[in-house]
Amino acid sequence: RAFSGALASRAVLRVVGADASSMLQSSVTNDVHALCAERLASAYAAVLTPKGKIFIDVFITRLDDEASGEKIGFLLDVDRARVDETTNVLKRLSLRKDVRVERACDAYEVSVVLPGAESDGGGIGFDPRFDGLGRRGVTRRDAKAPASTSMDAAHRVLRMTHGIAEGVSELADAYPLECNFDAINGVSFTKGCYMGQENTARQYFRGAVRKRVVPFAFSGASVDIGAPVINDNGETVGDVIAVEQDRGLMRARMKFIREALATNGVVATNGVALDVSV
């Protein structure tokens, strides 16, 4: 079993210029200035729509000059399925600013080192969402080296085991707190304004998060992405947003999940039992 390799589902953008830090600070849910001041390995965040729903999730890493060590910009780890749209959105947010946004997939890739690997990741920091996901970072491609081992499937299983959604197919058009961004270091409630902040802050301070992403396990049957989660009264209370092997993620009403956990921890979709007590 391979424990380290690259995520082909992710792409890398380079954001440079005198206003790169301030542009990102006003565009994403997390505190980019803290990333720089505290010299953190990376930060996890989202770019939201004006209504406060997730457009895309992003890992932000400082890009330092190799000679001087000074910050010259940032590298963004984003969903490859929406890389062109993300580039265009960031360019619009950069209008009249000294910022350049460009694809950097030829020079960089997203590397992961799963728990249990003998390697320390070659300097890659721990995943900023949760140490149990192992290490994750943007690394330079070596044109002379063999292609990196794909870790997409193994990484998805690990994420789903811990109840962590990622990428457009799992996150888009949901509110960040529904996707547990408050629990996985994906949002700051002390930084300045950013697009979509009002709904996020309102949900957090009023405790008005009605749905959450939760993990489940299943066996002996297939589960379809998009399948409805049904309660005992036949009501749809959520939907399946991701499946990999015998693990998956659903986004469902918290009242329903609490009731399920208080009994046997089993819910259903299309007649298939889903164990949410994992």
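**Ground rules.** I'm working from a predicted model, where local features need pLDDT of at least 70, side-chain atom pairs count only at pLDDT 80 or more, and totals for chains, interfaces and linings use all residues. Residues are numbered from 1 along each chain as its sequence is written, and side-chain values use heavy atoms, with hydrogens and water left out.

**Ring pairs.** I looked up the aromatic pairs and got 6. Rings of Phe, Tyr and Trp (its six-membered ring) pair if their centres lie within 6.5 Å; planes under 30 degrees apart are stacked, over 60 edge-to-face, and the rest tilted.

**Phe189 and Tyr204.** This pair is stacked, with 3.7 Å centre to centre and 15° between the planes. Phe189 sits in the loop between helix H5 (168-171) and helix H6 (197-206), and Tyr204 is in helix H6, 15 residues apart. Helices here are DSSP runs (H or I, at least four residues), numbered from the N terminus. I checked accessibility next: buried means under 20% relative accessible area, exposed over 50%, partly exposed in between (1.4 Å probe, protein chains only). Phe189 is partly exposed at 26%, and Tyr204 is partly exposed at 39%.

**Phe216 and Phe218.** I found this pair tilted, at 6.0 Å centre to centre and 45° between the planes. Phe216 is buried at 0%, and Phe218 is buried at 9%.

**A cluster, and two arginines.** Ring pairs join Tyr44, Phe59 and Phe181 into a cluster. I then looked for charges over rings (NZ of Lys or CZ of Arg within 6 Å of the ring centre and within 35 degrees of the ring normal). Arg129 lies over the face of Tyr44, 5.1 Å from the ring centre. Arg136 lies over the face of Phe59, 3.8 Å from the ring centre.

Definitions and conventions. Helices (H or I, at least four residues) and strands (E, at least two) are DSSP runs, numbered from the N terminus.
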